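I opened this model to see how its parts are packed. My entries follow in the order of looking.

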Amino acid sequence: MNKNYLFLTILFQLFTSKPALAAHTGAPSFTEEERVRHEEGLDKILNAASACLERDMERHSSFFKRYGISAYYGDRSVFGKLSYSGKKNYLKSIGQSPNLVEKMEPTSCVGLTLKCLGEGFREAGQEDLWQRLKQYTMINGVDGTALQDGLQRLGWKILYWNPDVRLNRDWDREEKDKDPGNKNRFWGYHEENWIAARRLGRYLYNKVDDVAELVNFGAQSPELLQKIPFFVGTAHGGYHVFPGFFGKVVEAHSTRKITDPKTLQAAPFNPLAGEVPTDGMYRSGLIAIPRSEEHTSELQSLR
């Protein structure tokens, strides 16, 4: 078969075989002055955002150690869907004080990301920029890839990640066997997305700046991410969102029980080692990192 014909066939399948997804709408635009202002406040943003992740993880750990439940509950969990009185009754039914509900708060993968990144922008006096980014994310179904696109428009860099592209087809088959109809929208479309990222510099509706730095790192935590103070990751077409700092990912799960110690979990970014994202369940996606002179030099030093 002609190679060009094969490539066009694969691209046609790429854009027709997936569930119907609307392109990002309402993208914000930023002036050069706003991008410069954002760059000047990056240190404050990244420090505050990473401190937020550490604080929530430490609170989860200490709360769980004391009470056997998390201080955070998934906003799509059984507990999260209960009424206020229902939450109190549930806590009582498992031998906990109903008043603990006052110390608990909802969370999710994208919710944690927005919370901590928002704290960073506010710390840097960039609430106006943040509100435009947050609105863009919200009107696109709280999609992490929309957030990444917005950050890219402010000057961040988007990298495609995949620990081993040789396994793409195996992963695709495995995910289709587990969920034949993709009713949970979990398929990663790894082979198709890899082809599009490499050939077109696109991942669904996102422009990809780099398809090499975070590819084929195997069962090792990528050295690059260990140098980044805060990053925003997505997996499987934006189905999952995960924030991280200095190579470590902190995840909040929207459906897990409050008695699950992994309602919040933190570990070095290392999918093939069975760690995060989500115990190795996610295999490819995008990561947004801040692009500044300092981080650009770090990227170049690894080439």
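**Alanine 235.** I checked its cover first. Alanine 235 is buried, at a relative accessible area of 0%; buried means under 20%, exposed over 50%, and partly exposed in between, with a 1.4 Å probe and protein chains only. I placed alanine 235 in strand S7, residues 231–235. Helices (H or I, at least four residues) and strands (E, at least two) are DSSP runs, numbered from the N terminus. I then listed what alanine 235 touches, leaving out residues up to four places away in sequence: Trp161, Tyr203, His240, Phe242, Tyr282, Ser284 and Gly285. Contact here means heavy atoms within 4.5 Å. From alanine 235 to glycine 144 I read 9.0 Å, C-alpha to C-alpha, across 91 residues of sequence.

**Ground rules.** The model is predicted: local features need pLDDT of at least 70, side-chain atom pairs count only at pLDDT 80 or more, and totals for chains, interfaces and linings use all residues. Residues are numbered from 1 along each chain as its sequence is written, and side-chain values use heavy atoms, with hydrogens and water left out.

**Whole chain.** I noted 10 helices and 11 strands. Of the 303 residues, 53% count as buried. Among contacts between residues at least 6 apart in sequence, 70% join residues at least 24 apart. The chain exposes about 14200 Å², and carbon and sulfur atoms supply 50% of that area. Accessible areas come from the Shrake-Rupley method with a 1.4 Å probe; for residues, only the protein chains shown count as cover.

**Disulfide.** How many disulfides does the structure hold? I found 1, taking a disulfide as a pair of cysteine sulfur atoms within 2.5 Å. Cysteine 52 is joined to cysteine 116, S to S 2.1 Å. Cysteine 52 sits in helix H3 (residues 42–67) and cysteine 116 in helix H5 (residues 109–123), so the pair ties together parts 64 residues apart in sequence. The torsion about the S-S bond is about -65°, so the disulfide is left-handed. Cysteine 52 is buried at 0% relative accessibility. Cysteine 116 is buried too, with a relative accessible area of 0%. I also looked up cysteine 109, which is buried at 14%.

**Largest pocket.** Its volume is about 910 Å³. On a 1 Å grid over the protein atoms alone, a pocket is an open set of points with protein on both sides within 12 Å along at least five of seven lines, and lining residues have an atom within 4 Å of a point. Of the 40 lining residues, the closest to the centre are Arg76, Gly238, Tyr239, His240 and Tyr282. Two or more lining residues come from each of H5, helix H7 (144–154), helix H8 (168–178) and strand S8 (240–245). H8 gives the largest share, 3 residues.

**Helix H9.** Is H9 mostly covered or mostly open? It is mostly covered: 8 of its 11 residues, 190–200, are buried. Among them are His190, Trp194 and Ile195. Just after H9, glycine 201 takes a positive phi of about 65°.

**Positive phi in asparagine.** Asparagine 182 has a positive phi of about 55° although it is not a glycine. I found asparagine 182 in the loop between H8 and H9, buried at 8%. Asparagine 216 also has a positive phi, about 60°. Its loop runs between strand S6 (210–215) and S7. Asparagine 216 counts as partly exposed, at 45% relative accessibility.

Definitions and conventions
1 Å grid on protein atoms, 1.4 Å probe; cavity = no way out; pocket = protein on both sides within 12 Å on 5 of 7 lines; lining within 4 Å. Points joined across faces, edges and corners; volume = space filled by probe spheres on them.
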